[in-house]
Amino acid sequence: MELTAFHELTQEISLECFFMTESQQEEKVIQLIDLHHFVECFDPKIKILSYLHHPINIIERQGNTIGILFCDLKHSAVPDSNASEEFRRRYGLSELWFVFVEETYTPDVAGYTDAIIENSLDIFYEKIFSFNFFQSIIQPLK
């Protein structure tokens with residue numbers, strides 16, 4: 001993402017999310033960075049539709065409206081999947097994707113497999129990925 005585009009988007013977060021605390025705005029910026037880098041690596045033709053007012057990002061890919069939820073297991077727990085399903089119905093999403101974000105590449109996916117099983121993620125999400133942010137590696141887990 002170009003610095004100018006990043007600056008414009010962070011300004012948008014500051015203006016639109018003025019009611020959020022600084023740490024909540026920081027989390028929103030991280031969500032935005034994860035989303036844009038994921039799109040650049042996965043399919044640059046993806047159109048980002050919405051990301052500001054909820055943790056699930058809404059994109060359009062090949063005519064389908066998809067929700068993407070990012071989770072860094074080192075910094076937070078797996079969000080409630082029932083809330084994601086409700087979000088899917090409310091916004092008419094054709095699919096939900098779940099993305100584990102990591103800073104360092106881990107070829108061992110056992111930790112992700114455990115989280116998928118413990119949280120029944122494979123029931124709620126059509127696609128599940130691990131995404132190494134700094135090495136730009138996306139690995140399908142489902």
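In which loop does Gln62 lie? Gln62 lies in the loop between β2 (57-61) and β3 (64-71).

The model is predicted: local features need pLDDT of at least 70, side-chain atom pairs count only at pLDDT 80 or more, and totals for chains, interfaces and linings use all residues. Residues are numbered from 1 along each chain as its sequence is written, and side-chain values use heavy atoms, with hydrogens and water left out.

**View 1. The whole chain, with 5 helices and 6 strands.** Helices (H or I, at least four residues) and strands (E, at least two) are DSSP runs, numbered from the N terminus. Their order along the sequence is α-α-β-β-β-α-β-α-α-β-β. Of the 142 residues, 42% are buried, that is, under 20% relative accessible area with a 1.4 Å probe, counting protein chains only. Among contacts (heavy atoms within 4.5 Å) with a separation of 6 or more, 58% join residues 24 or more positions apart. The accessible surface (Shrake-Rupley method, 1.4 Å probe) is about 8,100 Å², and carbon and sulfur atoms contribute 53% of that area.

**View 2. Gln62, in the loop between β2 and β3.** Gln62 is not a glycine, yet its phi is positive, near 50°. The residue has a relative accessible area of 66% and is therefore exposed, the class for values over 50%.

**View 3. Ser120, in the loop between α4 (110-118) and α5 (121-124).** Ser120, also not a glycine, has a positive phi of about 50°. Its relative accessibility is 27%, so Ser120 counts as partly exposed, the class between under 20% and over 50%.
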